Amino acid sequence: LDLNTFGLGQWITREQCALIFHRYILYKGAQFTQTTKAPYLDMPLVSSWAKDAVLFAQGSGYMQGMADGTFGPRQPATRAQVAMMFYQLSQLWPKE
């Protein structure tokens, strides 16, 4: 994927999900409480363009890591994981 390629038919990765959700949150101006957590063991593998989004998702709590303490940045996001991201985000979203 690049600035000129959409990636039709390709899987979306976990780090791409983090970035999409993060950009939407920033666009909407929503405020989330951040908690400091131990960094994922594979943080060095997270793309530079996704690091802030992954840290924000972790600190906000709408994305969870894997049981082994990693994030799995380049792993495909499963339907269950994306559904959980939407659910967690809906629970954290500031009430109007």
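Analyst: Happy to walk you through it. This is a predicted model, in which local features need pLDDT of at least 70 and side-chain atom pairs count only at pLDDT 80 or more, while totals for chains, interfaces and linings use all residues. Residues are numbered from 1 along each chain as its sequence is written, and side-chain values use heavy atoms, with hydrogens and water left out.

Let us begin with the helix and its partner. Helices are DSSP runs of H or I with at least four residues, strands are runs of E with at least two, and both are numbered from the N terminus. Helix α2 covers residues 51-60, and helix α1 covers residues 14-28. Their axes come within 8 Å and cross at roughly 80°. Here an axis is a line fitted to C-alpha atoms, for helices over the stretch in contact, and angles run from 0 to 180 degrees between N-to-C directions. The two helices are therefore roughly perpendicular to each other; that label applies from 65 to 115 degrees, with under 35 roughly parallel, over 145 roughly antiparallel and the rest oblique.

Which residues make this contact? On the α1 side they are E15, A18, L19, H22 and I25, and on the α2 side A53, V54 and F56. Contact means heavy atoms within 4.5 Å. Sorted by class, six of these residues are nonpolar, one is polar and one is charged. The nonpolar class holds Ala, Val, Leu, Ile, Met, Phe, Trp, Tyr, Cys and Pro, the charged class Asp, Glu, Lys and Arg, and the polar class the others, Gly among them.

Next comes burial. Helix α2 is mostly covered, as seven of its 10 residues are buried: A53, V54, F56, A57, Q58, G59 and S60. Buried means under 20% relative accessible area, exposed means over 50%, and partly exposed lies in between, with a 1.4 Å probe and protein chains only. The cover over these buried residues includes α1 and α3.

Leaving aside residues up to four places away in sequence, S60 touches F32, T33, Q34 and L92. The helix is then followed by G61, whose phi is positive, near 95°.

For contrast, take T36, in the loop between α1 and α2. With a relative accessible area of 84%, T36 is exposed. T36 and Q58 stand 22 residues apart in sequence, yet their C-alpha atoms are 8.6 Å apart in space.

F56 also brings us to the aromatic rings. Ring pairs link F56 with F21, Y24, F32, Y62, F86 and W93 into a cluster. Rings of Phe, Tyr and Trp (its six-membered ring) pair if their centres lie within 6.5 Å; planes under 30 degrees apart count as stacked, over 60 as edge-to-face and the rest as tilted. A search of the whole structure finds eight aromatic pairs. One of them joins Y40 and F71, a tilted pair with 5.2 Å from centre to centre and 40° between the planes. Y40 sits in the loop between α1 and α2, and F71 in the loop between α2 and α3 (79-92), so this pair links distant parts of the chain, 31 residues apart. Y40 is buried at 9% relative accessible area, and F71 is buried at 0%.
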